[in-house]
Amino acid sequence: MKENHLIEVEGLKKYFNVGGGKIVKAVDDINFFIREGETLGMVGESGCGKSTAGRTILRLYEPTAGSMRFNGTDIYKLPPNKMKAMRRDMQMIFQDPYASLNPRFTVSDIIGEALDIHKLAGSRKERKYRIEELLDMVGLNPDHATRYPHEFSGGQRQRIGIARALAVNPKFIICDEPISALDVSIQAQVVNLLKELQDRLGLTYLFIAHDLSMVKHISDRVAVMYLGKMVELADSEELYANPIHPYTKTLLSAIPIPDPEIEENKKRIIMDDELSGPIHSAKGGSGIEQEDTRLVEVSKGHWVAAPYA
Amino acid sequence: MAVNDTTLPNANVELSPEDFRKIGVDEKQAEVIQRESLSAWQDAWLRLRKNKLAMASLVVLVLIILAAIIGPFISKFNYYSNDLLNTNQPPSKEHWFGTDDLGRDMFVRTWMGARISLIVGLAAALIDLMIGVIYGGIMGFFGGRVDAIMNKFSEILYSIPYMLVTILLLVVFEPSIGTIILALTITGWINMSWIVRGEIMQLKNREYVLASRSMGAGSNRLLFRHLLPNAVGPIIVTLTLSVPNAIFSEAFLSFLGLGVQAPVASLGSMINDALTGWMYYPWRMLFPAILISLTMLAFNIFGDGLRDALDPKLK
């Protein structure tokens with residue numbers, strides 16, 4: 001473990017067999033680390049493998065290849081009982097606040113589930129106290145613990161999801177597009193809550209999103225994914241000021257600027273060559289997918305896919 | 001201010017900070033939910049109660065079940081004693097539904113028959129439920145090869161003509177309630193297992209299931225706390241709709257003479273008995289036929305209502 005890297009992902013691959021001899025290389029050989037207390041943003045278009053990467057990192061999907069070290073321990077090598085204990089340190093906040101809460105559970109069932117699984121509450125009273133504490137922490141009314149998810153608004157539901165993730169006192173949280181299903185006015189509230197919790201609890205985030213301006217706001221460093229591969233990784237300021245990979249440039253040029261004059265004269269960069277999609281024949285076929293996936297450091301902390309370095 | 005005043009109403013108003021006062025909002029109060037807390041079940045019940053037809057069916061079903069339980073006791077006759085001096089009597093003060101060709105009281109026999117039909121229907125449906133949920137749950141939850149093999153097996157079983165199996169079974173074994181239930185459930189559970197399989201497959205990729213897995217939940221917790229409780233709506237609806245199916249199949253088998261044996265009656269065997277003289281003694285067929293139709297109709301309408309109530313999005 002170098003410096004204070006909490007998370008180290010190496011050569012991570014996740015392929016799905018979609019039948020007919022075809023495989024989808026949803027995540028194809030990605031490498032990165034996250035320092036303790038840091039937020040790494042991960043951006044890319046829909047279907048580029050961001051969510052799959054997040055789920056594979058937490059071992060919700062078994063990886064095809066690669067390693068993921070948490071505090072130096074490769075979690076893919078852990079047997080089930082050790083893995084269960086390890087899950088206390090890593091949690092996830094999901095994209096859709098409507099689908100991520102079991103409609104048959106009350107709020108206290110939802111938040112208390114993790115306490116039950118890991119036997120973190122000694123007594124009924126202790127469990128109730130802890131649930132109320134968590135609700136308070138995310139800015140919800142503790143009196144609502146007996147309510148069902150459908151009684152809450154989208155923003156409130158997302159707060160419940162955050163409280164659930166915090167129940168086990170994790171060190172690392174993957175935020176899988178936690179704000180993209182919310183109203184713009186609510187997005188800021190949730191992002192600020194996440195930042196505040198990070199400061200208070202010393203959390204480390206992997207923040208997956210497709211909204212670049214929000215990612216810039218919350219992330220220390222940003223990684224750009226394209227067709228299952230990581231094409232660029234740099235400090236947020238550096239990435240936004242000095243993008244190198246054509247895909248990153250394309251992404252950045254798509255951010256709307258809240259000034260009509262600049263916006264009107266802005267030139268959108270459209271990628272000219274449509275690269276092959278993530279579906280490949282199992283035997284390996286078209287040449288373009290064999291593209292070099294190594295990242296090369298072009299300046300300090302700024303990594304970019306080898307052909308563009 | 002004059003109506004035709006063209007200047008803006010606030011054009012001449014001088015405002016200073018003192019004119020403003022902060023009312024303030026208690027953030028905690030703003031978030032309080034006023035509506036009464038309702039679980040999914042209470043919600044479904046409210047919707048069901050609004051469906052008049054379904055509620056009427058529920059009342060009819062309750063009445064039929066009550067009558068099947070107490071009906072035979074309120075008459076002074078029993079279902080097996082012959083009275084050869086009073087055969088084929090039309091409905092009268094003495095015999096409310098008339099008598100059959102052996103002088104047995106039709107009122108008592110009709111409710112006894114209903115009792116048998118309901119027992120067979122409910123028992124078959126419950127056994128279907130148990131086997132179907134376990135089998136379908138395993139298929140849906142584990143998926144992959146397990147699912148492929150188990151699903152193929154159920155498809156093969158389903159492709160065997162079910163009447164053939166049933167008739168064979170009833171010829172080999174002594175016809176009794178138990179045998180009929182066995183015959184009905186041998187293929188009856190397959191439908192339920194497919195419903196459960198489909199539901200579980202759909203539900204297991206929901207984010208709340210992933211969330212539970214990310215907390216380290218085991219298969220038992222996922223299946224019994226998350227998946228099955230959320231599949232319970234379609235399961236109950238399928239259950240409700242499979243009862244009339246079983247009742248009908250039992251009546252059909254009894255009609256063919258493969259059902260319960262005399263003197264025990266079921267609605268199907270009574271209709272079969274009445275067939276010989278239905279032109280002359282129509283009441284012998286009328287009462288069991290009406291009852292069986294009413295039971296099936298009520299179960300079907302109630303099942304439909306239940307489906308709408310449990311899953312309002314389908315409507």
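A: A residue is called buried when its relative accessible area is under 20%, exposed when this value is over 50%, and partly exposed in between. The model is predicted. With these cut-offs, B:Leu256 can be classified: its relative accessible area is 44%, and B:Leu256 is therefore partly exposed. B:Leu256 is found in the loop that runs between α9 and α10 (267-274) of chain B.

B:Leu256 belongs to a nonpolar patch on the surface, together with B:Ile167, B:Val171, B:Phe248, B:Phe252, B:Phe255, B:Leu275, B:Trp278, B:Met279 and B:Tyr280. The accessible area of these residues together is about 1000 Å². Two helices of chain B, α6 (162-172) and α9 (219-255), each supply at least two residues of the patch. The greatest contribution is that of α9(B), which gives three residues. A UniProt record, from an unreviewed entry, places the feature "domain: ABC transmembrane type-1" at residues 114-303 of chain B. That span is 83% helix and 0% strand, and its end C-alpha atoms lie 20 Å apart.

In soluble globular proteins, nonpolar side chains tend to be buried together. Here the largest nonpolar core has 102 residues, of which A:Ile111, A:Ile162, A:Leu166 and A:Leu194 touch the most other members. The helix α9(B) supplies the largest share of this core, namely eleven residues. A separate, second core of 37 residues includes A:Met68, A:Met230, A:Ala305 and B:Ala211. As for A:Ile111, if neighbours within four places in sequence are left aside, its contacts are A:Ile131, A:Leu134, A:Leu135, A:Ile160, A:Ala163, A:Arg164 and A:Ala167. The UniProt record for chain A, again an unreviewed entry, lists "domain: ABC transporter" at residues 7-252. This span of chain A is 37% helix and 28% strand, with end C-alpha atoms 27 Å apart.

The charged pairs complete the picture. Side chains of opposite charge can pair when their charged atoms come close. Over all chains, the structure holds 19 salt bridges. One of them pairs A:Arg221 with A:Glu38, and the closest N and O atoms are 2.8 Å apart. A:Arg221 is in strand β9 (residues 221-226) of chain A, while A:Glu38 is in the loop between β2 (22-35) and β3 (39-43) of chain A, so the pair ties together parts that are 183 residues apart in sequence. A:Arg221 and A:Glu38 are both buried.

Another salt bridge is formed by B:Glu207 and A:Arg55, with the closest N and O atoms 3.5 Å apart. Because B:Glu207 lies in helix α8 (residues 207-214) of chain B and A:Arg55 in helix α1 (residues 50-57) of chain A, this pair joins two chains. Both B:Glu207 and A:Arg55 are buried.

A further salt bridge, with an N to O distance of 3.5 Å, links B:Glu155 and B:Lys152. These two residues share helix α5 (residues 144-159) of chain B and are three residues apart, about one turn of the helix. The relative accessible area of B:Glu155 is 34%, so B:Glu155 is partly exposed. Finally, A:Glu8, A:Glu10 and A:Arg69 are connected in a network of salt bridges.

Key: Residues numbered from 1 in each chain as written. Chains lettered and ligands numbered in written order. Predicted model: local features only at pLDDT ≥ 70, side-chain atom pairs only at ≥ 80, totals over all residues. Heavy atoms only, no water. Patch = residues over 30% accessible without salt bridge, like charges linked within 9 Å, V, L, I, M, F, W, Y side chains within 5 Å. Areas by Shrake-Rupley, 256 points an atom, 1.4 Å probe, with all protein chains shown as cover. Salt bridge = Lys/Arg side-chain N within 4 Å of Asp/Glu carboxyl O. Helix = DSSP H or I, 4+ residues; strand = E, 2+ residues; numbered from the N terminus. Buried < 20%, exposed > 50% of the residue type's maximum accessible area, 1.4 Å probe, protein only. Core = buried A, V, L, I, M, F, W, Y, C linked by side-chain atoms within 4.5 Å. Contact = heavy atoms within 4.5 Å. UniProt positions renumbered as here; feature names shortened; annotations may be inferred.
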